Amino acid sequence: MYDIIILGGGPGGYVAAERAAAKNKSVLIIEKDQLGGVCLNRGCIPTKSLLNSAKLYVHALEGTRFGVTAEKVTYDLPTAMAWKREVLDKLRKGIAYTMKAMGITVVTGTGEILDKNTVLVKETGEKYEGRNLIIATGSSPAVLPVPGADSEKVLDSSGILELETLPQSLVIIGGGVIGLEFASYFHSLGVKVEVIEMMEEIVPNMDRDLAQTLRRALKGINFHLKSKVSRIEGGTVFFTPVDSEGASGAKPSQEGAEQSVTGDLVLMAVGRKPNLTGYGLEKLNLDTNRQGIRVNERMETSLPGVYAVGDVNGLSLLAHSASRMGEVAVSSLCGERETFNSKAIPWVVYTLPEAAGVGLTEQDALSQNIRYVKSVLSMKLSGRFAAENGFTAQGICKVLAQAETGEILGVHMAGSYSSEIIYGAAGMIEKRMRVKDVKEIVFPHPTVAEILRETILSIKLENKNA
Ligand SMILES: Cc1cc2nc3c(=O)[nH]c(=O)nc-3n(C[C@H](O)[C@H](O)[C@H](O)COP(=O)(O)OP(=O)(O)OC[C@H]3O[C@@H](n4cnc5c(N)ncnc54)[C@H](O)[C@@H]3O)c2cc1C
């Protein structure tokens, strides 16, 4: 009998396995596809590999003003795809090596839960027993329930990562993080991109100032906000305006009239749904909610000895959240008291330019009646940002702090390097740092990160002594 059986070898599952093995627990991972899960095989890493190739292409095209002129610049999709495959292959091998080195047993096959201590591997008929079970089965792309969603021209995020030729035009349904990353990628390569989003702003849970800055920075992409898709015919997507308060910036569609946009391909990027069926989960009769398997902050489900981590519990659909949850689950089953703090989880949109954030948005603070003060600075105040991007580039840093104590509540950034800076802000929020604590931290110069310090120090607190 193993100490722990982990169902699913994505960033939730394999990081839980590493943490457990480091604590001398015997661990079995059952993975039906490839180690690394969606993140490594169909998500974070393949998209970033392709986005970087597009960034190189754009830099080559736009180098003239920096004194670098490249001629006959081309983008070769098969080469970019081959590079992506090479990266994925090496990283998969890296995980497999770590599992082996740490004494973790990996079984390839589809697990089916028989009871909370027994999992059957369908392909071999082998049964495995464990004292604890960690469910890390992830999520799958959601599909809009509209006529034509099954058209051959409609792809999901996995399908579009396998393209062999670039389309000339692409319609993306969904202006969330995944939709925008693909929009930025294809637009950078000269593909005509239309994004249809039902809410009044892109990435609806992003701070509104940031979302607007990002949308303006993604010049050339056509956004149709407050627009509800009603049907799809081949590559033509039909949509109608929807009522929502406070339209921001982009023109909403004409009231009432059905409109349409056509692309060579359509990307369905309307979110993800937890994987809850097809592997015997119902036998455990766990509490679930709209998001997935219900867990507490220690990743415990309603059944003692059973934990659920990552996308399957829906708390935060991010790879680093899944990994942190995996660590917390192992800590819980070892009788320790670590918890998952969703308030300090950073997120990134790897568009060109990129955006990142952590903590409360201004809209959160308002709706929760939190007394806050804020500061918003342009990234152009950073010497490095100006040197590398010039003075017309879009970039902001916005910080919210508690009005009296000066505790940092939220940091939101759009502009180059945001993805590499935001973890520092996450550390500030996790450790409940105040404005005056940041005054004592020295940032290297010249870095874009300095804008974070400048923005924090420019906050005017109500209590001058805080
Ligand atoms: C296009 C795209 C881009 C993304 N980019 C980012 C990003 O930049 N940053 C970020 O943080 N997140 C990103 N994400 C989200 C990230 O991929 C997920 O949050 C993360 O993979 C969730 O990890 P997980 O371990 O919960 O599940 P998954 O990674 O989904 O892994 C679950 C694993 O369980 C296996 N499994 C399921 N059922 C069974 C069964 N019955 N038996 C055996 N195995 C089973 C699956 O095969 C899979 O390998 C992206 C997602 C997509 C789709």
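Into which domains is the protein divided?

## Domains and overall form

The model is predicted. The protein is divided into domain 1 (2-141 + 273-342), domain 2 (154-270) and domain 3 (353-457). Between the centres of domain 1 and domain 3, taken over C-alpha atoms, lie 30 Å.

The secondary structure comprises 13 helices and 24 strands. The radius of gyration is 23 Å, close to the 23 Å that the globule rule gives for 466 residues, so the protein is as compact as a globular protein of that length. Its C-alpha trace spans about 65 × 60 × 50 Å along the principal axes. Of the 466 residues, 46% count as buried. Among contacts with a separation of 6 or more, 70% come from residues 24 or more positions apart.

## The ligand shell

The ligand is surrounded by 37 residues. The closest are Gly 8, Gly 10, Gly 37, Gly 138 and Gly 310. Helix H1 (11-22), strand E2 (27-31), helix H2 (37-42), helix H3 (44-61) and helix H8 (319-333) each give two or more residues to this shell. H2 gives the most, with four residues. By class, the shell holds 15 nonpolar, 17 polar and five charged residues.

## The nonpolar core

The largest nonpolar core has 128 residues. Ile 6, Ile 173 and Leu 267 have the most contacts inside it. Setting aside neighbours within four places in sequence, Ile 6 is in contact with Gly 13, Ala 16, Ala 17, Val 27, Leu 28, Ile 29, Ile 134 and Ala 136.

Helix H7 (residues 208-217) buries Leu 210, Ala 211, Thr 213, Leu 214, Arg 215 and Ala 217. These residues pack against strands E11 (222-224), E20 (347-349), E21 (355-359), E23 (396-402) and E24 (408-414).

In helix H13 (residues 450-457), the buried residues are Glu 450, Ile 451, Leu 452, Thr 455 and Ile 456. Their cover includes strand E22 (372-378), helix H10 (383-389), helix H11 (418-430) and helix H12 (435-438). E23 and E24 are also part of that cover.

## A buried loop glycine

Gly 235 sits in the loop between strand E12 (227-233) and strand E13 (236-241). Is Gly 235 buried or exposed? It counts as buried, because it has 20 C-beta neighbours inside 10 Å.

Beyond its neighbours within four places in sequence, Gly 235 is in contact with Lys 153, Val 171, Thr 262, Gly 263, Asp 264, Leu 265 and Val 266. Lys 374 is 139 residues from Gly 235 in sequence, and their C-alpha atoms are 44 Å apart.

## Backbone exceptions

Most residues other than glycine have a negative phi, and most peptide bonds are trans.

The peptide bond from Leu 352 to Pro 353 is cis, with omega near 5°. Pro 353 is in the loop between E20 and E21. The bond from His 445 to Pro 446 is also cis, with omega near -5°. Pro 446 belongs to the loop between H12 and H13.

Two non-glycine residues carry a positive phi: Asn 24, near 65°, and Tyr 417, near 70°. Asn 24 lies in the loop between H1 and E2, and Tyr 417 in the loop between E24 and H11. Asn 24 is exposed, because 9 other C-beta atoms lie within 10 Å. Tyr 417 is buried, with 21 other C-beta atoms within 10 Å.

Notes: Residues are numbered from 1 along each chain as its sequence is written. This is a predicted model: local features need pLDDT of at least 70, side-chain atom pairs count only at pLDDT 80 or more; totals for chains, interfaces and linings use all residues. The radius of gyration is taken over C-alpha atoms; the globule rule is 2.2 Å times the number of residues to the power 0.38. A residue is buried if 20 or more other C-beta atoms lie within 10 Å of its own, exposed if 12 or fewer, and partly exposed in between; C-beta atoms are placed from the backbone. Two residues are in contact if their C-beta atoms, placed from the backbone, lie within 7 Å. A residue is near a molecule or strand if its C-beta atom, placed from the backbone, lies within 6 Å of it. Ala, Val, Leu, Ile, Met, Phe, Trp, Tyr, Cys and Pro count as nonpolar, Asp, Glu, Lys and Arg as charged, and the others, Gly among them, as polar. Domain bounds come from an automatic or database domain assignment. A nonpolar core is a set of buried Ala, Val, Leu, Ile, Met, Phe, Trp, Tyr and Cys residues joined through C-beta atoms within 7 Å.
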